[in-house]
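Let's walk through this structure together, with the sequence and the 3D view side by side. Keep the viewer open and follow along as we go.

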Amino acid sequence: MNIHIKKGLDLPLDGVAKKQRIDLRTSVSCIAVKPTDVLGFTPRLLVAVGDEVCAGQRLLVDKHDERIALTSPVDGIVKSIVRGEKRRLEAVIVERDIAQKNTSEVINHTNLSTDSPCWWMIKERPFGCIANPDHHPKGIFISLLDTNPLAPDMQYVMQGRENDFAMGLHVLAEKAPVHLCIPHGYPPPTTDSAIHIHTVEGPHPAGNIGTQVAHISPINKGEYVWTVGAQDVATIGHWIATGEYRPERIVSVGGPSARSPHYYQLIVGSQLSLICDAQLINNGYPALSPSSTNTTRIISGSVLNGTTVASNGFLGMYDQQITLIEEGDHYEFMGWLMPGLKKFSFSKTFLSGFTGLINKMSVPALFGNIMPRYTFNTNLHGSVRPFLFTGQFERIFPFDIYPLQLIKACIVGDIELQEKLGIYEVEPEDFALCEFIDPSKTEIQSIIREALEVLRKETI
Amino acid sequence: MDWLANWFEKIEPKGKLSWLGSTYEAFHTFAFTPKSVTRQGSHIRDAVDMKRSIIIVVIALIPALLFGMWNIGYQTSIATGADWNWLYMWWFGFLRMLPMIVVSYLVGLFIEFAFAQVRHHEVNEGFLATGLLIPMIVPVTTPLWQLALAVAFAVIIGKEVFGGSGMNFLNPALVARAFLFFSYPTHMSGDKVWIANDLWGTDAIAGATPLGELAAGMHPSASALDMLLGTIPGSTCETSVIAIALGALLLLFTGIASWRIMLSVFLGGGLMGLLFNAIGYNEYMQLPFYYHFLMGGFAFGAVFMATDPVTAAQTNTGKWIYGLLIGAFAVLLRVCNPAYPEGMMLSILFMNCMAPLIDHCVVAQNIKHRAKRAVAIGKEAHNG
């Protein structure tokens, strides 16, 4: 099946990663396992500070279902246990022990169960929580396309892991029908007839699992689908083939504030301080704009739905990119009246919309190169208002759902109406572009997340 | 501009004066786009905000406003036989319009600020467009006290009682016009109100609008070209279809107004006009259908009033139905109801009331087919 997405938007951010890998798998010493990244997981601690752990060993189990566990990504020693407000367990930090060797002999696993250290990599929709082993998903969806701004090129990322990936697909196909989405015109990575291959083309959110599921087989009430990241499929395949748990992640590091954007080879949960030291434009580099305080926001994930982390923070459990972007905490004089040649807007209400159109019509030869380089930062560009304008979300929301009506149903907490309007088919990330273009500056993703959490807790 | 930014930070009302927060915020965000940053969700945001969107509407109104000012002078010079050059005509109209615009903004913004202040809300910029629209759609002879009353009524009853901009179901500018229309009918219709010749006391000079002439059973004296250019009597800024089209181009290019609504209003009006042509019972019915686009407030209503996103239908399918019916009803009212020469205002207000119902039906279709899909899957699972 070919999925052609027309409604969407690619954000022209600067700082696309160069196709060059820097291997930090052994250089990063601290690695975090973060239960806060795993939705629907209530952690119970199995280890204490100072314990020696080996890769794949259970560190945390779910209080509600002890079969489900988060496992240590490396051999090492439990260095610290981070707790937040109300003693909420936020992270278990493992310090890698280079000397310690994995002595266990090669075991060939044949199937994937909750005993596997990889179980947490499987997510479940609706709700985006960790997969429940008692559920029978109607399909397992994997995407070899990431269309987020500055997202890694999956073809490049998966280079050299083709066999592991094929093995992972094979073992997942035993659980449920596997649907693999690949970019249009890309050779199928497997000839296995049990794998349903779909091609996808179009702007973001074409690469989002939610978009693909909605076009292949939308989720109805009471149905489940599982989703696994492509890199995690390779990890699962590697574990099946060799018995070795090696949760590697190749991440793209980029963004307007990155010094030299390229790819890094990391372990899931790696501390980011080495990358931040190398990438942050700080001393010796000119400030991006004179009025700015010139601080940089470090985002694990994309600018549309990632998580802000500190410069000594850790890579998110499911993230495959790091974005560095300038904080926009400065005023702009009469910003609403300025022509705005460098302002990016979907709405064409700034001069950039006009120059962008000229560029699109490929007549820049007449005008010279007037295509602006847009400045992106974290400024809200306005104040929060009620919803006034309509019909904007529909232009970038490729679902058979009325977005504004669903958002309003979520705001008022009308569960019945949410179900009728298709809440089970969406995740907050599917609304990321709506949130981006919204002139009333509403925090749509958190509204959807809160509504989904209410529903999830009712379903349990 | 650092000094101004610092000054604003210095005068921020605190302690005893902190109740003035809404007013302070309104002026501060007028001068400076705030420095607030995203907290969660999408880390970057589109540069467009409510202020920018509303200011685009205001800019789109300017061609019609400037032409309307000139036309006031032009009509007066014809009526009085005065020999003025075009610049003086414009200046004459400008002096007539300025007090109306000032009164409209002063009254409306005062109420908006008061409500925002009491509710501890931020002042919404929606009135920047409404406040300019109201003086543009009333007769030039409207006394200022009537205008002030109408604005107050529109802002309080038309908008604020429902919770402010975004919560209202009737277009506030049309509420103001309807208020005048029903409260002071003698000031709002007839032949004498459209020309600013009251200064001369020469009441006798006729200034009939094409719609007025048609309602009286006459053929309009103005040619189609005059009506296209707008050199005819009428509400202050609604006469020139060309000036309105300039504004429409801006609204459509920027995506602020819905092309679906604009197009479907004209389609609906055109279809209704053709239907009447086919019946051809009287002179009004035989009028070429495109005359309806050129006369009265049809074009102005289609471009600036029907497209108000808050009071229009919100779904794309709904917008087609909403627009088609506005156009059709406007022509129906004009031709079949001699009591109201102009049908556009009532037609839009009526469809404002119907818009939620249209949306409800459109969304119900989506709900229905989702339910059907779930049932089909359930059956399959049951059989399998």
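In this predicted model, the contact between the two chains draws on 62 residues of chain A and 50 residues of chain B. On the chain A side, the elements that supply two or more residues are strand E18 (296-300), strand E21, helix H8 (403-412), helix H9 (415-421), helix H10 (432-437) and helix H11 (444-459). H10(A) gives the largest share of that side, with 4 residues. If you colour the chain A side by residue class, you will find 26 nonpolar, 23 polar and 13 charged residues.

One of these elements deserves a second look. E21(A) pairs with strand E1 (residues 32-33) of chain B, running antiparallel to it over 2 bridges. To find this spot in the viewer, pick A:Glu332, whose bridge partner in E1(B) is B:Thr33.

Staying with chain A, follow the loop that leads from E21 (332-333) to helix H6 (351-360), and you will come to A:Lys348. Its phi is near 60 degrees, a positive value in a residue that is not glycine.

A:Leu150 is another non-glycine residue with a positive phi, here about 65 degrees. Look for A:Leu150 in the loop between strand E12 (140-143) and helix H1 (154-157) of chain A. Its surroundings hold 26 C-beta neighbours inside 10 Å, and therefore A:Leu150 counts as buried. The cut-off for a buried residue is 20 or more such neighbours.

Chain A also has some cis peptide bonds to visit. The bond from A:Arg125 to A:Pro126 is cis, with omega near 0 degrees. A:Pro126 sits in the loop that joins strand E10 (123-125) to strand E11 (129-130). Further along, the bond from A:His204 to A:Pro205 is cis as well, with omega near 10 degrees. For A:Pro205, search the loop between strand E14 (195-201) and helix H3 (209-216) of chain A.

Now move over to chain B and its helix H11 (residues 241-254). The spacing makes sense because an α-helix has 3.6 residues a turn, so residues three or four places apart point the same way. Just after H11(B) comes B:Gly255, which takes a positive phi of about 80 degrees.

Finally, zoom out to chain B as a whole. Its domain assignment gives domain 1 (2-31) and domain 2 (51-367). The C-alpha centres of domain 1 and domain 2 of chain B are 36 Å apart. Their contact takes 5 residues from domain 1 and 7 residues from domain 2 of chain B. On the domain 1 side of that contact, the classes come to 1 nonpolar, 3 polar and 1 charged residues.

How values were computed
Residues are numbered from 1 along each chain as its sequence is written. Chains are lettered from A and ligands numbered from 1 in the order in which they are written. This is a predicted model: local features need pLDDT of at least 70, side-chain atom pairs count only at pLDDT 80 or more; totals for chains, interfaces and linings use all residues. A residue is buried if 20 or more other C-beta atoms lie within 10 Å of its own, exposed if 12 or fewer, and partly exposed in between; C-beta atoms are placed from the backbone. Ala, Val, Leu, Ile, Met, Phe, Trp, Tyr, Cys and Pro count as nonpolar, Asp, Glu, Lys and Arg as charged, and the others, Gly among them, as polar. Two strands pair if DSSP finds at least two bridges between them. Domain bounds come from an automatic or database domain assignment.
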